[in-house]
Amino acid sequence: MSFISIDHVIKDYEEYRALHGISLSIDRGEFICFLGPSGCGKTTLLNIIAGLHFPEQGKVMCLDEDITYLTPAKRKFGIVFQNYALFPNLTVSDNITYGLRGKEWHKAKRNERADELLSLIGLPHIAQRYPVELSGGQQQRVALARAIANNPRLLLLDEPLSALDAKVRVTLRNELKILQRKLGITVVMVTHDQEEAMALADRIVVMNEGRIEQIGRPESLYLAPENRFVGEFIGSMNILSTPQWAQGKTIGVRYEQIQVRPATEENLLQPYSLVVRMMSWHLMGAFYRLELLMSDQSTQLYADVPYQYFQDNQLSEHTLVAITIPPESWCVLS
Ligand code: ADP
Ligand code: MG
């Protein structure tokens, strides 16, 4: 049985339909990312799982319990939002243990739990500080500690890293993955950053305009996108609709899958080869990105070639080159 199943969920904001019948199941222990452009409905779907919004139609199950209209507190889920949302007037320790209510949570036990969580997140000495005395990365670690303080069944994260600067974001991303593995907790995280989703998720749910475009492991979304939206949202892709040997199909090809060679007769006679003009190139670090123009004079393609290959073959601007696009590299798109 799935841990969470979402069945044909529809959500309207007055006239505007934000979710058009979303269905999805999540297994226990999975790390799921909702990925898509701003406004596609990621937060709305997360909030429906959290119980902060109710859907117009459809239902949300947790194991065999219908939780569609259950209050957030009764769900026993932890939530972290983008902008930390710590209480400024409470110490770190009191922030972390804020949700631990009831007689058994007397002061000493709460402090003990806060210390335990602070060492888990690598900040053992800040229990008595106030949020304003912490960096953004530290505040977000504390928000994470607060969300897991009560051993939630599910951890929901809404763009938890996007307010942080690039270096801290990557460090915290790695820590988040380690923590998730250590606790074995099920995580659903919203992000618009494809690199973040690829680095963290067991499965990515690619969303667009209130619909799911594709669900899959990062590798399968990258290597076998089912449509143009997914191919272009995850990584970069050339879209070719008219190569003579593709039988009228629209195919997508990753930049690094295009083979570039000097335009000799022998190279041009290879199957699946074309002659193109090299318009320009840009050094991207470990590789060069070549901008190529097909012989129809209007279709542009990009090819990524390793730094050394570019140097060795003395590829230069405005010359003709042979490219080969073998069928193994095609993604047939709908
Ligand atoms: P995302 O998190 O993917 O950026 P959201 O789920 O926040 O997207 O929003 C999805 C769509 O619903 C957007 O077009 C947004 O403008 C709209 N929306 C979100 N919240 C509300 C609201 N409270 N009232 C009206 N429209 C909303
Ligand atoms: Mg959002």
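Predicted model: local features only at pLDDT ≥ 70, side-chain atom pairs only at ≥ 80, totals over all residues.
**Notes on the cores, rings and backbone**

1. Residues are numbered from 1 along each chain as its sequence is written, chains are lettered from A and ligands numbered from 1 in the order in which they are written, and side-chain values use heavy atoms, with hydrogens and water left out.

2. Leu155 belongs to the largest nonpolar core, which has 42 residues; Ile96, Leu118, Leu155, Leu157 and Met189 have the most contacts inside it. Helix H5 (residues 136–148) gives the largest share of this core, 6 residues. Apart from it lies another core, of 27 residues, with Ile26, Phe34, Leu45 and Val205 among them. A nonpolar core here is a set of buried Ala, Val, Leu, Ile, Met, Phe, Trp, Tyr and Cys residues joined through side-chain atoms within 4.5 Å. Buried means under 20% relative accessible area, exposed over 50%, and partly exposed in between (1.4 Å probe, protein chains only). Helices (H or I, at least four residues) and strands (E, at least two) are DSSP runs, numbered from the N terminus.

3. Do have a look at H1. Because 8 of its 9 residues are buried, H1 is largely enclosed by the rest of the structure. The buried ones are Lys42, Thr44, Leu45, Leu46, Asn47, Ile48, Ile49 and Ala50. Gly51 follows H1 and has a positive phi, near 90 degrees.

4. Most residues other than glycine have a negative phi. Glu14, however, has a positive phi of about 50 degrees; this residue is in the loop between strand E1 (4–13) and strand E2 (16–26) and is exposed, at a relative accessible area of 76%. Lys76 has a positive phi near 60 degrees, sits in the loop between helix H2 (72–75) and strand E6 (77–80), and is exposed at 56% relative accessibility.

5. On to the aromatic pairs: the whole structure has 8. Rings of Phe, Tyr and Trp (its six-membered ring) pair if their centres lie within 6.5 Å; planes under 30 degrees apart count as stacked, over 60 as edge-to-face and the rest as tilted. Phe54 and Tyr69 are edge-to-face, with centres 5.4 Å apart and planes at 65 degrees. This pair ties together parts that are 15 residues apart in sequence. Phe54 is partly exposed at 39%, while Tyr69 is exposed at 52%.

6. Tyr272 and Trp330 are edge-to-face too, with ring centres 5.7 Å apart and planes at 85 degrees. Here the parts tied together are 58 residues apart in sequence. Tyr272 is partly exposed at 31%, whereas Trp330 is buried at 16%. Trp281, Tyr288, Tyr307 and Phe310 form one aromatic cluster.

7. Finally, two charges over rings. A charge sits over a ring if NZ of Lys or CZ of Arg is within 6 Å of the ring centre and within 35 degrees of the ring normal. Lys109 lies over the face of Trp105, 4.4 Å from the ring centre, and the charged end of Arg254 sits over the ring of Tyr222, 4.0 Å from its centre.
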